[in-house]
Amino acid sequence: MAKNDLLGGSLWDQYSNKVTTLMNNPINQGEITQEECDAAGHKLIVADFGAESCGDAVRLYWEVDPANDTIVNSKFKSFGCGTAIASSDMMAELCIGKTVQQAVKITNIDVEMSLRDDPETPAVPPQKMHCSVMAYDVIKKAAGLYLGVDEASFEDEIIVCECARVSLGTLREVIKLNDLKSIEQITDYTKAGGFCKSCIKPGGHEAREYYLVDILADVRREMDVEKMQASADAGLQGDFETMTLVQKIKAIDAAIDESVRQFLIMDGGNVEIIDVKDSPDYIDIYIRYLGACNGCASSSTGTLYAIEATLKEKLSNKIRVLPI
Amino acid sequence: MQVYLDNNATTMVDPAVTEAMIPFFSEIYGNPNSLHRFGTASHPAITKAINQMYKAIGANDKDDIVFTSCATEANNWVLQSVWIDKILHGEKNHIVTTEIEHPSVLSTCKFLEDMGVKVTYLPVNDQGIVEAHTVRAFITEKTALVSIMWANNETGMIFPIQEIGEICKEKGVLFHTDGVQAVGKIPVNMQEVHVDFMSMSAHKFHGPKGIGALYIKNSQKLTPMLHGGDQMGGRRSGTLNVPYIVGMGLAAQLATTNIEEKMESIRVKRDRLEDALLGSLSDVFTVGDRNNRTPNTILISIRGVEGEGMLWDLNNALIGASTGSACASEDLEANSVMLAIGADNELAHTGIRLSLSRFTTDEEIDYVIERFESAVKRLRAISSSYAIVQPTAGGATLACHIHH
């Protein structure tokens with residue numbers, strides 16, 4: 001919310017000229033009949049997507065030449081708003097001349113991009129992106145009918161954001177590779193969630209199977225687990241600097257047990273580890289002297305040097321020992 | 001020709017009202033609370049406006065009519081202050097309203113639900129109104145307030161306010177009505193109904209935007225929402241908006257004087273438009289018995305024509321109308337009133353509201369009839385609902401995949 005949001009933009013003013021023109025005079029509006037196809041020896045495919053009760057419905061017609069699977073003509077009928085009609089019209093236009101196999105690759109992004117007046121300005125406002133998604137879905141359905149296969153077989157990935165066609169696999173990969181921490185970052189990197197916003201979290205325009213908030217949380221959790229596992233593995237191999245905190249403390253205790261503690265106990269004292277703090281240049285180990293060591297003059301000189309030298313030698317050169 | 005048929009959204013300010021307001025901007029501009037002559041110079045005009053308001057709705061001198069910034073403020077005030085007075089500081093915990101109230105009531109009720117209040121949203125019947133016996137059935141001993149609109153903005157349907165008022169009186173429950181769509185459109189007389197609070201808005205009856213009012217029966221307790229300099233007798237602080245108060249008073253007077261005649265004149269035009277559309281178009285219907293509607297309103301459903309698409313074509317024909325359905329609004333929901341009255345789901349996205357005013361002319365009606373019919377013809381020619389060739393086997397839609 002800021003200055004530009006105070007007066008919400010006029011919905012219709014955000015449509016491209018192409019959308020407006022096609023809404024007013026759709027080119028491919030109409031039907032293809034069985035008789036026409038029979039006369040030419042072609043196959044007729046008619047597919048519906050959406051319904052009046054959804055607020056949007058489209059019927060797509062293909063006249064396909066079975067000799068080479070080419071869509072020689074395509075028309076549509078639409079119950080919907082201006083962008084639904086314009087998107088359907090552009091979808092039919094894009095189908096003409098393509099083979100069925102090529103047409104399946106047409107996405108809602110292709111439809112929307114074709115409706116732009118200039119490549120940088122979206123053809124419709126974000127909340128209207130779903131109109132072009134219908135075009136994508138109905139093509140899949142028509143192709144399934146023609147090829148006699150389930151339309152789901154064209155979808156080799158789970159699509160989380162329909163508007164920007166971003167898959168679950170892509171999202172997981174991008175979050176991991178770029179160490180993304182927020183939904184805004186995900187939208188910046190992938191455009192997912194940037195349009196109708198339904199996929200961000202439950203409660204949007206449409207109910208979704210996957211939401212960005214859940215995917216982000218899951219991936220972050222996995223990343224944390226992986227990081228810990230990596231540390232643990234490194235520690236088992238004896239690499240002190242990459243050990244987890246618990247592993248470090250155990251290693252320090254073991255090193256002190258091995259060479260220092262017995263001498264301290266002989267003198268009626270002892271030492272305990274209070275904390276370990278990592279920084280890029282040092283690993284600071286905070287210790288506390290017990291018994292006779294406490295207050296002993298050597299505790300801040302000779303004994304301390306001995307402890308530090310032992311730990312440096314056995315564990316890491318970055319170690320500093322700090323008594324408190 | 002351009003025709004404005006969205007008078008339930010807002011109206012043109014009557015030029016006589018604009019004229020009456022003008023002196024109070026740069027000539028008589030003193031603060032009415034000031035002691036000097038600049039301040040008191042506005043008092044006669046404010047007094048006149050107050051008298052015009054009391055007369056317009058038949059209020060008693062013991063009642064209050066408090067000017068507010070809008071009806072949204074008035075609705076918020078009643079709901080939030082009854083919550084404070086009767087629920088936070090009282091023994092009640094329940095509010096009764098309807099599922100088709102204005103957002104300023106529904107959103108406030110949702111907010112109060114978040115605050116722990118129980119709210120009952122009453123359903124409407126197939127006429128789009130809440131029946132009085134339904135209200136009676138849902139009032140409990142814990143009910144603090146019943147809030148039900150006098151007339152609905154989408155359908156124009158008039159609610160049984162008199163009967164509901166009697167029930168609330170009998171049950172000892174406060175009764176608020178959102179009178180925004182009633183005042184200035186139909187006779188409203190507070191002497192004839194038992195209503196504790198009524199919200200009003202000037203711009204719905206040819207007054208200016210940015211001013212409303214709240215009627216409070218017998219000047220009863222209602223904790224103020226705006227605290228400050230104790231204007232309006234301490235009920236609503238904020239420097240009096242003198243020109244707008246003057247404008248609202250005159251607008252109320254102009255709208256309610258000889259209201260029966262004005263209603264009849266609008267009704268004749270409305271009925272002619274409605275009859276023409278119903279007569280010439282197939283598969284259309286209007287919502288609600290027209291004898292129980294505000295005389296200016298038509299909500300018409302056109303099978304196979306999506307609401308926003310229809311608005312687009314009407315707009316191209318320079319006709320302003322509205323729809324609460326589907327794509328027209330940001331939330332992409334179906335028309336809630338259409339769903340509430342139990343219309344087929346298929347029709348919930350096809351509602352178009354046409355709302356006239358006393359300035360609508362016969363020529364404008366003729367023009368709208370002609371252009372409306374051609375828009376329906378064009379859109380049905382594109383519509384999948386009217387397609388002849390049926391889907392390939394397996395190609396039909398089995399269920400709604402979008403807009404859950």
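This is a predicted model: local features need pLDDT of at least 70, side-chain atom pairs count only at pLDDT 80 or more; totals for chains, interfaces and linings use all residues.
Polar contacts across the interface of chain B and chain A amount to 18 residue pairs, with both residues of each pair at pLDDT 80 or more.

Over all chains, the count of salt bridges comes to 37.

Within chain B, the domain assignment separates domain 1 (15-256) from domain 2 (259-382), and the C-alpha centres of these two domains of chain B lie 28 Å apart. Their contact takes 25 residues from domain 1 of chain B and 23 residues from domain 2 of chain B. About 2,100 Å² is buried between domain 1 and domain 2 of chain B, of which carbon and sulfur atoms give 60%. On the side of domain 1 of chain B, the residues that lose the most area to domain 2 of chain B are E154(B), T155(B) and H206(B), which together account for 29% of what that side buries. No salt bridges were counted between domain 1 and domain 2 of chain B, whereas six residue pairs in polar contact, both residues at pLDDT 80 or more, were found between these domains. The side of domain 1 of chain B that touches domain 2 of chain B is made up of 10 nonpolar, 11 polar and four charged residues.

Chain A, by its domain assignment, is divided into domain 1 (12-155), domain 2 (157-237) and domain 3 (241-323). The centres of domain 1 and domain 2 of chain A, taken over C-alpha atoms, are separated by 31 Å, and 10 residues of domain 1 of chain A are in contact with 11 residues of domain 2 of chain A. These two domains of chain A bury about 860 Å² between them, 62% of it on carbon and sulfur atoms. In domain 1 of chain A, the greatest losses of area to domain 2 of chain A fall on P126(A), M129(A) and E155(A), together 43% of what that side buries. The count of salt bridges between domain 1 and domain 2 of chain A is zero, while four residue pairs in polar contact, both residues at pLDDT 80 or more, are found across this interface. Helices α5 (108-114) and α6 (129-147) of chain A each supply at least two residues to the side of domain 1 of chain A that touches domain 2 of chain A, the largest share, four residues, coming from α6(A). That side of domain 1 of chain A has five nonpolar, four polar and one charged residues.

Strand pairing was also examined in chain A. Strand β6 (residues 269-278) and strand β7 (residues 283-291) of chain A pair in the antiparallel sense over nine bridges and form a hairpin with four residues between them. Within this pairing, I273(A) stands opposite I287(A) in β7(A). A salt bridge is also formed between E272(A) and R288(A), with the closest N and O atoms 2.6 Å apart; because E272(A) lies in strand β6 of chain A and R288(A) in strand β7 of chain A, the pair ties together parts that are 16 residues apart in sequence.

Key. Residues are numbered from 1 along each chain as its sequence is written. Chains are lettered from A and ligands numbered from 1 in the order in which they are written. Side-chain values use heavy atoms; hydrogens and water are left out. A polar contact is a pair of N or O atoms within 3.5 Å; within protein, one must be able to donate a hydrogen and the other to accept it, and residues adjacent in sequence count only if both atoms are side-chain atoms. Domain bounds come from an automatic or database domain assignment. Contact means heavy atoms within 4.5 Å. Buried area is the accessible area (1.4 Å probe) that two parts lose on being put together, summed over both. A salt bridge is a side-chain nitrogen of Lys or Arg within 4 Å of a carboxyl oxygen of Asp or Glu. Ala, Val, Leu, Ile, Met, Phe, Trp, Tyr, Cys and Pro count as nonpolar, Asp, Glu, Lys and Arg as charged, and the others, Gly among them, as polar. Two strands pair if DSSP finds at least two bridges between them.
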